[in-house]
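Here is my note on the model you asked about, written so that you can follow along on screen. Take the points in order and look up each part as you reach it.

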Amino acid sequence: MTQLRYIIVLAFLIGMPLVGNAQTAVIVNKTVPQETMSEKDILDIYTLNRPRWDNGTRVTVFDLKREGKTKKAFYRHIEMDEDELRRIWLRKQFSGKAMPPKIVDTEEDVVDRVANTPGAIGYVSLNAARKNKDVKVVARIR
Amino acid sequence: MRISVRQKIQIPIIGFIVCLSFFMFMYFPISQKDALEESSKAEVESLARMAAHGISVGLSYDDYTSIRRALDFVKTASDVRFVALVSDGETVAAHPEGFEFDPSLLDTDSLIVAKQPLTTELLGGDVYVGRSMEGIQRQIRSTVSTAFWVALGILIIGIVFSVWIARLIVRPLRLVQLAAIKVGQGDLTTVVPRKADDEIGDLADEFSKMVQSVHSAQHRAEEAYNELQSKNEVIEKERKNLAKALAHLKNTQAQLISAEKMAALGQLIAGIAHEINTPLGAIRASIGNIATSHRQILQALPELLEKLPEDRRNEFLRLIRHSTEGKQTLSAKEERKLKRELIGKLEEMDFANADELGETLADMGIFDDIGEFQNLLRGENAEFILDIASKIALQERNSRNINIAVERAAKIVFALKNYSRQDHAEEKVRANIADGIETVLTLYHNQLKHGIEVTREYEELPEVLCYPDELNQVWTNLIHNSIQAMDNKGTLDIQASTQNGHIVVTVTDSGVGIPEDIKERIFEPFFTTKESGEGTGLGLDIVHRIVEKHNGHIDVDSVPGRTSFRISIPIENGA
């Protein structure tokens, strides 16, 4: 019990400074074995170059439909133009090697779907990410 | 070329089957190929449409799952070689990975490529789907092989079927044929078994029946033959009798023809006899005159020598010579006229007995130059001397008459000799036809001279190879008929000319003519219009035969008052 409390306090302490800046978080389903992801890892996933996680779970990519701060931050983070990424996705669908990414309307939806889809990955604002305990934040984008 | 029934049945069936097989083998794969290509193209186009639609919808709604599904569907369609999205000539995305679309693929024979345009916010371009022809070719190959096996199957079944059908028909026929051969060899007890209940079965039955009836007919025929044989003997006997009768008839006909010739000849001879009799009478009379006056002259000779002064002797002889110097024969009328003139002259010269003297001198044929003999006529015993002189002159004149009569008779005899110069000549000789006509005319002179005017128009004629006696018979018959038709009064016109290698003789008379209704029949033997006994009816038949024998031709043209027989004889007839 003390240990859990410690962790919560620690997390709170780490998260505190981000809240005010409306940070964007990359979230994964809790079945995903990775705890943190580098920028390159995220790019690999979002360019559909990595179809499976290390434990063999299939990767399911979620993207936001609406333009917004979160999305802009994310694309800036992975240094990608949206059109370019969509062309890449199209190409990948032709080759058939990767699962098609899923595009949803709201951050809440993203959180829900990632929480309920094994091997899922998405990005939302950190605040939204914190509302659901079934998702793991593996990267924070300032 | 003999074609058997079997072949007649088999050849059409096999021919039909071969055609059918060929059709199966050739037509179906070809039409199949076209249809397959057509449907494949449509399929590929629909695949391209589907891909383009999936992409367009997916991109529009950010639904990559639907893109994926559409592409998966297209890619997994059979024989799809590639799916490509081309924008501005650049392959944006393609399956298989790394595939670059090249427009030359559109013209590749082994591929069917469909193009579908695509417009989205993200990008515009064309979706190409390429499908290989392999599947179609495989299908065609399988169709060809199926068609081949089906065709082969039909062919084999057809051949077996045609052989079977042919056998089915031919075998019973063959049985009938074998039976027919047996019957042909004389076995009339042959029976053909009925193999099937159809026309051939009927044929077999009919054949058997026929053989039976032939068998019985043969019996009857043998009986009939025997009967016929005996009848034949009777007929043969009859035939011989008839042949004998025919020979007899022919003989009779020949005799009749000969009789006709003889009859004509008889009439001719009657005329000729008369013709010869006339000069003979003249000769007899002349000889009687000569004999009488000779006797009288002899008795008076001493007296004459006594009474004729020497100086008058020359004058006496001149008077006789003058009397006998042949003057032309004078007609009675002319003679009377001359005699009157003579008596006139004598009266002028103061002769007391002028009438008597003129009569005597006229008898002597002296009508002029009397002055010369004045002394003699005026002298003593003038009457006596003149009488003797006239008797001497009479002898001379009678001698001349005899001469004329003999010449006349000789001419007739010559003509007779000509009429039949070669007795039954078997070979043709060259003769002038005009001479023959002339001979006949001479012989008919007697019948012609009273009341018939004869005109002749002969061209210069070449000699013709002919039987002259027979041609004379022709002229004789024609002229004889003409004389009878004219009843001895009228004109007879005879023309002879050369026309187109023929001698054409036309005998035209002014007789009653030949009635139209019998014109056809005049050349028939025994046809006559003359009183019974007058003609045999063979005259023109003989003419016809002789003309035909010369390869000639005879035409008749008759109207009352003008009847022409036109006979043409080829100049070189069968030489």
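1. **How to read the model.** This is a predicted model, in which local features need pLDDT of at least 70 and side-chain atom pairs count only at pLDDT 80 or more, while totals for chains, interfaces and linings use all residues. Residues are numbered from 1 along each chain as its sequence is written, and chains are lettered from A and ligands numbered from 1 in the order in which they are written.

2. **Overall make-up.** Chain B has 13 helices and 11 strands. Helices (H or I, at least four residues) and strands (E, at least two) are DSSP runs, numbered from the N terminus. Chain B has 575 residues, of which 23% count as buried. A residue is buried if 20 or more other C-beta atoms lie within 10 Å of its own, exposed if 12 or fewer, and partly exposed in between, with C-beta atoms placed from the backbone. Among the contacts in chain B with a separation of 6 or more, 70% are between residues 24 or more positions apart. Two residues are in contact if their C-beta atoms, placed from the backbone, lie within 7 Å.

3. **The side facing chain A.** Which part of chain B supplies the largest share of the side that touches chain A? In total, 15 residues of chain B are in contact with 14 residues of chain A. Both α2 (64–76) and β2 (90–95) of chain B supply at least two residues of that side, and the largest share, 7 residues, comes from α2(B). By class, the side of chain B that touches chain A has 8 nonpolar, 2 polar and 5 charged residues. Here Ala, Val, Leu, Ile, Met, Phe, Trp, Tyr, Cys and Pro count as nonpolar, Asp, Glu, Lys and Arg as charged, and the others, Gly among them, as polar.

4. **A hairpin.** Strands β3 (residues 111–119) and β4 (residues 124–132) of chain B run antiparallel and are joined by 9 bridges. Two strands pair if DSSP finds at least two bridges between them. A hairpin through 4 residues links β3(B) to β4(B). To find one pair on screen, pick B:Ala114, whose bridge partner in β4(B) is B:Val129.

5. **An open sheet.** Five strands are the next thing to look at: an open sheet of 5 strands, with mixed pairing, has the order β6-β8-β9-β11-β10 in chain B. At the edges stand β6 (452–458) and β10 (553–559) of chain B, each with a single partner strand, so one side of each is left without a neighbour in the sheet. β6(B) pairs with β8 (residues 490–499) of chain B in the parallel sense over 7 bridges, and B:Glu453 stands opposite B:Thr491 in β8(B).

6. **Helices on the sheet.** Helix α10 (residues 433–443) of chain B packs on the sheet and touches β6, β8 and β9 (502–509) of chain B; its direction makes about 165 degrees with that of β8(B). Axes are lines fitted to C-alpha atoms, for helices over the stretch in contact, and angles run from 0 to 180 degrees between N-to-C directions. α12(B) lies across β6, β8, β9 and β11 (562–570) of chain B, at about 20 degrees to β9(B). Helix α12 (residues 468–486) also packs with helix α13 (residues 539–549) of chain B, at an angle of about 145 degrees and with axes 9 Å apart. Their contact has 8 nonpolar, 4 polar and 2 charged residues.

7. **A helix with a buried face.** In helix α7 (residues 354–364) of chain B, the buried residues are B:Leu357, B:Gly358, B:Leu361 and B:Met364. Down the axis of α7(B), its buried residues fall within an arc of 120 degrees, so they line one face of the helix. The arc is that of the directions from the helix axis to the C-beta atoms. After α7(B) comes B:Gly365, with a positive phi near 85 degrees.

8. **Backbone details to check.** Most residues other than glycine have a negative phi, and most peptide bonds are trans. A cis peptide bond, with omega about 0 degrees, joins B:His95 and B:Pro96. B:Asp62, in the loop between α1 (5–61) and α2 of chain B, has a positive phi near 55 degrees. B:Asn488, in the loop between α12 and β8 of chain B, has a positive phi near 65 degrees; with 11 C-beta neighbours inside 10 Å, B:Asn488 counts as exposed.
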